[in-house]
Amino acid sequence: MKKFCLPLIAGAMALSFAACGGSGSAGSVELSGAGATFPLPFYNMSFEGYDAATGNKVSYGGIGSGGGVRNLKDEIVDFAGSDAFLTDEEMKDMKPVVHIPTCMGAVVLAYNLPDVVKLNLSGDVIADIYAGKITKWNDARLAELNPDVKLPAKDIIVAYRSDGSGTTFIFTDYLSKVSENWKNTYGAGKTVDFPVGQAAKGNPGVAGIIAQTPYSFGYIGSEYAFAQKIPYASVKNSRGELITPSTESISAAAGDIPQDTRCSITNADAEGAYPISCFTWLLIYQEQHYGDRSMEQAKATVDLMKYMLADSVQQKTATVNYAPLPKKAIELSLQNLKTVTYDGQPILK
Amino acid sequence: MNKVKFRIFKSRLLFIMVCVLSGITAIPLVAILGEVLIKGWNQLGWSFITEATPNAYKAMIAAQAGEDIPGGIANGIVGTFLMLFLAAVVAIPVGILCGICLSEYRKSWFATFVSYLTDLLQGTPSIIIGIITYIWVVVPMKGYSAIAGSVALFIMMLPLIIRSTEETMKVLPDTLKEAGLALGGSYWRVMLKVMVPAALGSIFTGILLAISRVVGETAPLMFTALGGAAISWNMTKPMSAVPLLIWEFFNDPNLQNLIWGASLFLLVFVLCLNLLAKQVAKKWKV
Amino acid sequence: MQDKIFKALLILSAVLIPVIGGGIILSLTVDASGAFKEFGFWEFVFSDDWITTAGKEKYGALPFITGTLLTTALALLMCIPFSLPVALFTGEYFKGRKIAAVLGTVIDLLAGIPSIIYGLWGFYVLRGTFMYLDLSPQGSGILTASFVLAIMIVPYAASLSAEFIKMVPAELKEGAYAMGATRAEVIRRVIFPMAGSGIFSAFILAIGRALGETMTVTMLIGNTNQMPETLRTTGNTMASIIANQFGEADGLKLSSLIAIGLLLFLITAIINIIGKILIRRARHV
């Protein structure tokens, strides 16, 4: 027995020592971030490119916008990713935060209906499905929007996010704008008390439920629906046009952007605009000297933000099913980045 | 007469029902093994156990093109073994010592109390162990880490090792100890060189079972080790594990193809440990 | 001298257990106190609100306590008709024979399957079946989760029960046979009364397992925060709400989740202690 154990333990110990030796590669800076799962593929792609360009490694955990903001509060990450901008109240609780938009996306309404290839929806119908007022696929109001489609007499199986999510915020923000009842009863937030349906974790989780469950219906980030070829609905925008989500119709939704880029573009009043479009942001502290962060780390963080706004990165958004930022947003963000400091000194000269 | 026949009939009926219902109980095992084997078999391969999990971007590009998802679960395998190793290295000696103590002082109220507490700890839901490790390790260390994962696994393994040691030591004959002491051996020598080796088979079984129980645990690792896409050897950073990867794949349709291979790997590993423990128990029965 | 060090080490390692156990209770209580202070202990336990909207935050544990008790009770009901026959099969009818060993191994392996794999199987295989049979409109829910839980706890209840059934003295059974009793009568009139308390405690321990089961339930119960109205609807258990929301919670919500953790810990601890006391008694009859 002993004879068998000893070499095993010795071997394993050697292994773990070798492991310790291998981890500390010097020179480059390691940045870590966490948050929104929605732009995860885009961030993976861009951060790899950033590593190749600068040698700085960036790790990003897709734990949901809520988790990302919490990690930033706990000061255990260099930046957070969020699909929802911080509200004024949230900003009050934290040290000053700079919002850097990175790309545009949309929340689409995915469905699993055998034999149905095209579905039209309007804001109030979506709100009533999520409020539990419309429960059957062949409801009169759905049939009115879809005259050419034979809708089944089945229960709508509604899916939503179980974790705190920017996607949920964008979606419910939209519902609150189009439905008075929704606004008063449930409101908008990263987690909302949906009265019907079942929940799953993350955009992928909801997408998984929809892919696996006939007659299901749910909101997910556009990029998952595009990549997974999950069918998604066209939605009536504020001008009464039926719009299919696409890179173009998402870009069309960007309107006026305030200086700090914190704005909601759902239900945008613009021609050809998909009504549930959004920005997604990276959040960093304005004062970069916190915890035991070094100047190098602070510089690399700001550098990464700048990199994300570069044309070369923005042009690639479409390959992973997002839309590029409008010029105005990039300009404003570059201005905002100049306000980021280390010990009070601006990092970008 | 009829009554007797009826009684015999009833007895036969019970026998048949017992056999049928017992047989039904085996169905889930066959169903689960079959499902995982059929779907996972052709995924297993050299690259599957030597390459790390692709990130969401690569998985999306592959899914979009309708190709096989590249990569494997090497990051999880490395993480599982590292965390398990660290947990076991601490839990085994501590657990054996504690087991000896409980057996030696079995008449004292303290040992009885600790013994009950050990049972209680063993029955504690794994998610609670996850929360408590988050509070004790993740928060003070200001971040998720493999060490935190190891601590959670340690707390889960400890009671199993303690109980198996205690139970075995209790059934060893007292004469063994007395003989050792009479020959002039000091107390600690007799315990470690006579008693523990005599009980080693059963203790080893307990250790194997403890490992097989925690190796598939997901809940205590979610809030401690968190997971990570790259192969990592740094115990102070987040690290993945095979069950964590399965959970990740479950939640990401782009990665869904990898789910069954990873499950097959985990299942085979756990079941082999179980069978091995059974063999050991048979061979070295005290 | 060395003996003293050794004995000190023994005691030290044994002290670790109360330290961990006490530490768990202490840490959970401290971190849960925020929620209890805000809402009051009983109000927290008996409130069915789970409102996460900032500013209107209000948390109560009742939907999750209900979910946990409901799934556990259902799982127990569903597991009895299978674990008792298995226990009789291995502990009485085929005691000591090869086929009993085979079934015993099957049961042990069933106990060894990680819960996440039960969850996968339930999600990809059972869910479809449940929808097809119209047992549940969306496939996942209380019923689905309970069903898989039942499969998971059969091994625990069965192997422990078998142990007690085996312990029934042969003389007693032979006496009954000698008086002309059939096998079924021996089982009912001799074995069950003799092994009853042991079997009972085996089921109590199985309950303890079901209460805290996390991953399987999280994957199958549908994760909604309302009071479950029927068995067909979705819900959440204490363990699954923690698994779902702990990762991003902070402030009052985090405290509330930890409070739910504390309640879960206390419930399982009480159940387990009762089970263990009964088992220790049953073993020393």
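**View 1. Helices α7 and α8 of chain C cross at roughly 160°.** In this predicted model, the axes of helix α7 (residues 170–178) of chain C and helix α8 (residues 183–212) of chain C come within 10 Å. Two packed helices are described by the angle between their axes and the distance between the axes. Angles over 145 degrees count as roughly antiparallel, and α7(C) and α8(C) are therefore roughly antiparallel to each other. The crossing of these two helices, α7(C) and α8(C), is right-handed.

**View 2. Residues at the contact of α7(C) with α8(C).** On the α7(C) side the residues are C:Leu172, C:Lys173, C:Ala176 and C:Tyr177. They meet C:Val186, C:Arg189, C:Val190 and C:Met194, which belong to α8(C). Sorted by class, this contact of α7(C) with α8(C) has 6 nonpolar and 2 charged residues, and no polar ones.

**View 3. Chain C carries 11 helices and 2 strands.** Read from the N terminus, the elements of chain C follow the order α-α-β-β-α-α-α-α-α-α-α-α-α. The C-alpha trace of chain C spans about 75 × 70 × 30 Å along its principal axes.

**View 4. Domain 1 and domain 2 of chain C.** The domain assignment places residues 2–51 of chain C in domain 1 and residues 61–283 in domain 2. The C-alpha centres of the two domains of chain C are 26 Å apart. Where the domains touch, domain 1 of chain C contributes 15 residues and domain 2 of chain C contributes 13 residues. On the domain 1 side, the elements giving two or more residues are α1 and α2 (41–46) of chain C. Of these, α1(C) has the largest share, with 9 residues. The side of domain 1 of chain C that touches domain 2 of chain C divides into 9 nonpolar, 3 polar and 3 charged residues.

**View 5. The contact between chain C and chain B.** Chain C puts 63 residues into this contact, and chain B puts in 65 residues. Helix α1 (residues 2–39) of chain C supplies the largest share of the chain C side, 17 residues. By class, the side of chain C that touches chain B has 44 nonpolar residues, along with 14 polar and 5 charged residues.

**View 6. Chain A has 14 helices and 13 strands.** The radius of gyration of chain A is 23 Å, close to the 20 Å that the globule rule gives for 349 residues, so chain A is as compact as a globular protein of that length. The C-alpha trace of chain A spans about 70 × 65 × 35 Å along its principal axes.

**View 7. The contact between chain A and chain C.** Here 23 residues of chain A are in contact with 19 residues of chain C. Helix α3 (65–73) and strand β7 (198–200) of chain A each supply at least two residues of the chain A side. The most comes from α3(A), with 4 residues. By class, the side of chain A that touches chain C has 5 nonpolar, 11 polar and 7 charged residues.

Methods. Residues are numbered from 1 along each chain as its sequence is written. Chains are lettered from A and ligands numbered from 1 in the order in which they are written. This is a predicted model: local features need pLDDT of at least 70, side-chain atom pairs count only at pLDDT 80 or more; totals for chains, interfaces and linings use all residues. Two residues are in contact if their C-beta atoms, placed from the backbone, lie within 7 Å. Ala, Val, Leu, Ile, Met, Phe, Trp, Tyr, Cys and Pro count as nonpolar, Asp, Glu, Lys and Arg as charged, and the others, Gly among them, as polar. Domain bounds come from an automatic or database domain assignment. Axes are lines fitted to C-alpha atoms, for helices over the stretch in contact, and angles run from 0 to 180 degrees between N-to-C directions. Angles under 35 degrees count as roughly parallel, over 145 as roughly antiparallel, 65 to 115 as roughly perpendicular and the rest as oblique. A crossing is left-handed if the near helix is turned anticlockwise from the far one by less than a right angle, and right-handed if clockwise. The radius of gyration is taken over C-alpha atoms; the globule rule is 2.2 Å times the number of residues to the power 0.38.
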